[in-house]
Amino acid sequence: MKPADLYILNQPEKYRNILLHIASVIDHAIPNVTLEYKWTVPYFYYKNKPLCYLNASHKHQFVDVGFAKGFQLKQNQQHLVADNGRNTVKSLRYFSLEEINNEILISVIQEAITLY
């Protein structure tokens with residue numbers, strides 16, 4: 001099994017369910033996307049370039065979908081988080097599976113791939 005898959009499957013149930021859902025949405029929304037394991041997290045690549053990563057933060061109890069070119073995104077700014085110290089990455093942050101809005105997630109993904 002690939003390390004990215006192991007990362008997801010070895011998470012506690014709360015995070016695993018969120019990660020599996022997000023990964024499924026990304027797989028269906030982007031043709032030719034690949035899931036790698038880089039910088040200790042699952043990272044989706046598009047056209048052989050880093051697109052977004054998945055990170056389960058147990059300390060803060062959320063899952064981040066961090067977009068490598070997040071500061072270049074123009075739409076959905078009210079949903080994107082830019083933590084202190086980040087100068088390129090913005091993320092969608094989810095505390096539960098129920099709060100994931102697939103339309104917003106897909107919209108951000110579709111805009112992000114236009115940057116490649």
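Which residues form one aromatic cluster in this structure? They are Trp39, Tyr43, Tyr45 and Tyr53, and I would like to walk you through their surroundings.

First, a word on the source. This is a predicted model, in which local features need pLDDT of at least 70 and side-chain atom pairs count only at pLDDT 80 or more, while totals for chains, interfaces and linings use all residues. Residues are numbered from 1 along each chain as its sequence is written, and side-chain values use heavy atoms, with hydrogens and water left out.

Let us begin with strand β2, residues 41–46, where helices (H or I, at least four residues) and strands (E, at least two) are DSSP runs numbered from the N terminus. Of its 6 residues, 6 are buried, and buried means under 20% relative accessible area, exposed over 50%, and partly exposed in between, with a 1.4 Å probe and protein chains only. In a regular strand the side chains alternate between the two faces of the sheet. Here Val41, Tyr43 and Tyr45 point one way from β2, whereas Pro42, Phe44 and Tyr46 point the other way.

Now to the neighbours of β2, bearing in mind that two strands pair if DSSP finds at least two bridges between them. Strand β1, residues 34–38, runs antiparallel to β2 and is joined to it by 5 bridges, with tyrosine 37 standing opposite proline 42. The hairpin of β1 and β2 has 2 residues between the strands, and in it tryptophan 39 takes a positive phi near 55°. On to strand β3, residues 49–57, which is also antiparallel to β2 and is joined to it by 4 bridges; here tyrosine 43 stands opposite tyrosine 53. In the hairpin of β2 and β3, again with 2 residues between the strands, lysine 47 takes a positive phi near 55°.

Back to the rings. Rings of Phe, Tyr and Trp (its six-membered ring) pair if their centres lie within 6.5 Å, and planes under 30 degrees apart count as stacked, over 60 as edge-to-face and the rest as tilted. By this rule the count comes to 6 aromatic pairs. One of them joins tryptophan 39 and tyrosine 43, which are edge-to-face at 5.2 Å centre to centre, with 65° between the planes. Tryptophan 39 counts as exposed because its relative accessibility is 60%, whereas tyrosine 43 counts as buried because its value is 8%.
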